[in-house]
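Thanks for coming. I have one structure to go through today, so please look at the screen.

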Amino acid sequence: MRKTTVNHDFPPLKNDLILRAARGERTERAPVWVMRQAGRYLPEFRKVREQHPFFEICQTPALATEITLQPIRRYSGLLDAAIIFSDILVIPQAMGMTVEMPEGKGPTFPQPLAGPDDLAKLKYPVDVDHELGYVYEAITMTRKELKGEVPLIGFCGSPWTLMAYMIQGGGSRGGFHSAKRWIFQYPLASKELLSRITTVCVDFLIGQVRAGAQLVQVFDSWASELSPHDFEEFSLPYLTKIAREVKMGLLAESLQPVPIILFAKGANYALADLARSSGYDVLGLDWCIEPQVARGLAGDSVALQGNIDPDILYGGKDAIEREVERMCKGFRSGSRQGPKGWIANLGHGITPGVDPEDMRHFLSCVHRYSSGELQ
Ligand code: 1CP
């Protein structure tokens, strides 16, 4: 069987640290990237943003490429992956919903889903390659511009997290009460919506890999809104389906398999189950669990990603260094060699007020404290 049907002629990869860690290998030091690394805390991003509406940037491959590369350039040699500049909310747009991003206000849906009858207003089936082809173009362009420096991560939101925005109509500030009401009042319609989003996620992730993404991540940022019982019913089955169908789809197209990362924020209680049967290669952790405990629950069959509290980046250089050292010790759990199957990251996205020099300090501390020789 041929291993790839797409010949993009990308430059050869010079740094495969994150790919090795994602496969569960022991690495000479932890690879590091940061969720939301290509955004709001960088002055060079804000400059572009002053001139262009948010979704125009996402839909213009040259601009999305430029912003994806900004942190790679600024932190040259310190980041081990790039993440394509886009947003999880491009999926609701592809399903026919309007999403606006007023400066400083976060996402807004002028017409959120009010009840089950509104499902009829959504596009279905969705021609994902047509609706989101601009993301694929941005990925292909970015892969070329990266010149093999580091691998490129593609991503999507999880079905539950996307459903939460589509019903709530806005960001997390006001909570997700309307979306939660749906799962209790309209469980069948909720599952219909979750299934439809799942289908789009699968096609979208496969398309991103076809375009050149070397890893993909599913963000279940608002898993934290669900009880363990409801996570098991309204999120986990769809997450599992995504991992399974993306892997099968890549195989069917003779595309190289890529590591799939799941970041289910607030679902640390499910780690053992996720490691055993969700099909993800890497599990992202928020900061509410100690690395040793996470490894104990997850076992050795998956890699882990995370997990320092993003607010530590406001704590000054000494606190950053101290906490990075602690995190590194935790993930190495006594081994004198480099870490095994660990990708260093924050426990959630970097926030807008962080000083870019503190981010640099975080990255260089990870380089310093995660290598095997130090113990
Ligand atoms: O590194 C990167 O910045 C890559 C691009 C990226 C990613 C991976 C953006 C750009 N958004 C995302 C993912 C995303 N978007 C998530 C999952 C990660 C997480 O949990 O943080 C979520 C929940 C969203 C939804 C979203 N988009 C929010 C959160 C709203 C809430 O509920 O509080 C916000 C503020 C946005 C807008 C956005 N997305 C990205 C940027 C740079 C911005 C700021 C927009 C602006 O310039 O006004």
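Which residues of α14 are the buried ones? The helix runs over residues 291-298, and its buried residues are Pro291, Ala294, Arg295 and Ala298. They span an arc of only 95° around the axis, so they sit on the same side of α14. For those new to helices: an α-helix has 3.6 residues a turn, so residues three or four places apart point the same way. Just after α14 comes glycine 299, with a positive phi of about 70°.

Next, the ligand. Which residues come nearest to the ligand? There are 25 residues around the ligand, and the nearest are Gly39, Gly171, Ser172, Ser221 and Gly349. Sorted by class, that shell holds 11 nonpolar, 9 polar and 5 charged residues.

Now an annotation. An unreviewed UniProt entry places "domain: Uroporphyrinogen decarboxylase (URO-D)" on residues 31-40. In the model, that span is 0% helix and 0% strand, and its end C-alpha atoms are 23 Å apart.

Last, confidence. The mean pLDDT of the protein is 95, and 97% of its residues reach 70 or more. Where pLDDT is low, the predicted coordinates should not be read in detail. The scores for the model are ipTM 0.94 and pTM 0.97. That is what I have.

Terms used. Residues numbered from 1 in each chain as written. Predicted model: local features only at pLDDT ≥ 70, side-chain atom pairs only at ≥ 80, totals over all residues. Near = placed C-beta within 6 Å. Nonpolar A, V, L, I, M, F, W, Y, C, P; charged D, E, K, R; others polar. UniProt positions renumbered as here; feature names shortened; annotations may be inferred. Helix = DSSP H or I, 4+ residues; strand = E, 2+ residues; numbered from the N terminus. pLDDT = per-residue confidence, 0-100. Buried ≥ 20, exposed ≤ 12 C-beta atoms within 10 Å, placed from the backbone. Arc of directions from axis to C-beta.
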